[in-house]
Every structure is written in structure tokens, then in C-alpha cells.
Amino acid sequence: MHRIGPHDALIVVDPQNDFLPGGTLAVAEGNRIFEPINRLMALFPYVVATRDWHPRDHAYFQANGGPWPWHCLARTHGAQFSPLLHSEQIDDVISKGTDPKTDGYSAFAATDLAEKLRQHGIRRVFVTGLATDYCVKATTIDARDAGFDAVVLTDAIAAIDATPGDELRALDEMRASGAQLMKSADVAL
Ligand code: VGL
Ligand code: ZN
């Protein structure tokens with residue numbers, strides 16, 4: 001059992017309509033994250049949600065020669081947080097992917113997330129959200145690089161798994177970065 005204390009933050013990565021069933025870049029099992037996340041949010045002293053928040057000229061859209069269909073265009077319905085998320089429990093929102101030239105997968109890339117976490121006295125982050133093989137992975141590895149302890153809650157994430165094996169490789173890479181993997185049921189006050 002892991003006890004949550006004053007130096008722990010919950011990071012909810014990209015719980016947005018476009019990444020959920022019915023969205024333009026839907027993660028098949030995406031909705032499974034909300035039950036554990038909504039339960040966890042009440043336990044943490046500091047809760048950060050990130051949002052993929054792209055301009056139309058983002059290089060990673062297929063229309064601009066990149067790999068992805070349109071998703072999470074800033075200020076659109078698809079970029080809104082899912083109505084399944086208890087959004088009133090969010091303390092800070094971090095917009096990411098705003099630079100048209102870089103992937104913006106990590107919530108630490110060109111944002112003030114590390115600074116915000118330090119201002120709140122955070123030493124350990126618990127990472128949840130979408131998608132395991134892109135933004136969850138990049139955010140977790142960058143959290144470790146920025147000097148935070150990191151825990152990934154494996155029942156509160158879900159993968160795109162475009163190439164079978166991506167999900168397992170992402171879990172291995174996060175573990176190799178020094179992150180701990182555990183279940184949300186192992187977290188309590
Ligand atoms: C994501 C692909 C493209 C993610 C964002 O949130 O994991 N994946 N943009
Ligand atoms: Zn994106």
C-alpha cells in the first residue's frame with residue numbers, strides 16, 4: 001500500500017474527448033481511466049490535468065505531413081476534458097503541444113509544469129491518463145529526468161497500441177527510467 005502525502009501530485013494526462021470513444025484519435029479502452037482517476041483525485045493535495053492543445057498548422061497532423069489525424073485542436077469540443085472526468089477537482093491545467101514544430105507529447109516540454117510542481121513542494125508524481133505509448137510515456141520519463149519520483153498507475157492509463165507491442169514497450173521504458181508501476185488500488189491516504 002502506498003500512502004499519499006503532501007509532496008505527492010496526481011497528473012492526469014490528456015483526458016480529452018478526441019482520445020476517447022467517439023473522438024478522432026480514440027483510445028479503445030480510454031474510458032476505463034475515469035473510475036480510478038475520479039477516486040484518486042480526492043486523495044491528492046495537488047492535481048494537474050494536461051491537455052493536448054494543437055494549432056491547425058501543427059507538423060504532426062497528417063494534413064501537414066505528420067502521423068496523426070486531426071485531434072485536440074485548441075478551443076474545439078474534441079480538446080475539452082471528457083464529461084466523465086470530475087474536472088472540479090483539478091487544481092491546474094497545463095496546455096501542451098502548442099508549438100507547431102515539436103510533438104508536444106510530454107507535459108514537461110515547453111511548459112511550466114516542473115516549476116509548478118516545485119512551487120507546490122511536490123517530489124513525487126503519480127501519472128495517469130492517455131495515451132500510455134505517447135504522452136503518458138513521455139511525461140513519465142521527463143518527470144524522472146526533471147528529478148521527480150514517478151509512479152505510473154497501470155489501471156488508470158490506456159494505450160493506442162498502433163503497432164502491437166507498443167503498450168508493453170512503453171511500460172518497459174517507463175520502468176527503465178526509474179518509474180514504479182502499480183495499481184490504483186495500492187494507493188490510499
Ligand atoms: C497523444 C498522439 C498525439 C497523447 C497526443 O496524448 O498520447 N498521442 N498527440
Ligand atoms: Zn497530439
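The side chain of D133 reaches the backbone nitrogen of D161 at 2.6 Å, and the backbone nitrogen of I160 at 3.0 Å. For comparison with the rule, a polar contact is a pair of N or O atoms within 3.5 Å; within protein, one must be able to donate a hydrogen and the other to accept it, and residues adjacent in sequence count only if both atoms are side-chain atoms. This is a predicted model, in which local features need pLDDT of at least 70 and side-chain atom pairs count only at pLDDT 80 or more, while totals for chains, interfaces and linings use all residues. Residues are numbered from 1 along each chain as its sequence is written, chains are lettered from A and ligands numbered from 1 in the order in which they are written, and side-chain values use heavy atoms, with hydrogens and water left out.

- D133 lies in helix α3, residues 132-145; helices (H or I, at least four residues) and strands (E, at least two) are DSSP runs, numbered from the N terminus.
- D133 is buried, where buried means under 20% relative accessible area, exposed over 50%, and partly exposed in between (1.4 Å probe, protein chains only).
- D133 has no salt bridge, and the nearest side chain of opposite charge, R169, is 8.1 Å away. Lys and Arg count as positive and Asp and Glu as negative, while His and the chain ends are not counted.
- Leaving out residues up to four places away in sequence, D133 touches A159, I160, D161, A162, D166, E167 and A170; contact means heavy atoms within 4.5 Å.

**The sheet**

- Six strands form an open sheet in the order β4-β3-β2-β5-β6-β7, with parallel pairing. Two strands pair if DSSP finds at least two bridges between them.
- The edge strands, β4 (92-96) and β7 (180-182), each pair on one side only.
- From one strand to the next, the twist averages 25°; axes are lines fitted to C-alpha atoms, for helices over the stretch in contact, and angles run from 0 to 180 degrees between N-to-C directions.
- Strand β6 (residues 149-158) is joined to β7 by 3 bridges, and the two run parallel. L153 has M182 in β7 as its bridge partner.

- D92 lies in strand β4, and a polar contact of 2.7 Å joins the side chains of D92 and Y46.
- Not counting residues up to four places away in sequence, D92 touches Y46, V47, V48, A49, K116 and H120.
- H86 is found in the loop between β3 (46-52) and β4, and is partly exposed, with a relative accessible area of 35%.
- Beyond residues up to four places away in sequence, H86 touches N38 and M41.
- H86 and H54 are 32 residues apart along the chain, and their C-alpha atoms are separated by 23 Å.

**Salt bridges**

- The count comes to 8 salt bridges, each being a side-chain nitrogen of Lys or Arg within 4 Å of a carboxyl oxygen of Asp or Glu.
- K137 forms a salt bridge with E173, with the closest N and O atoms 3.3 Å apart. This pair links distant parts of the chain, K137 in helix α3 and E173 in helix α4 (residues 166-176), 36 residues apart.
- K116 forms a salt bridge with D112, with the closest N and O atoms 3.0 Å apart. D112 is partly exposed at 32% relative accessible area.
- R175 and D172 form a salt bridge with the closest N and O atoms 2.9 Å apart; both lie in helix α4, 3 residues apart, about one turn of the helix.
- Salt bridges that share partners join D14, D52 and K96 into one network.
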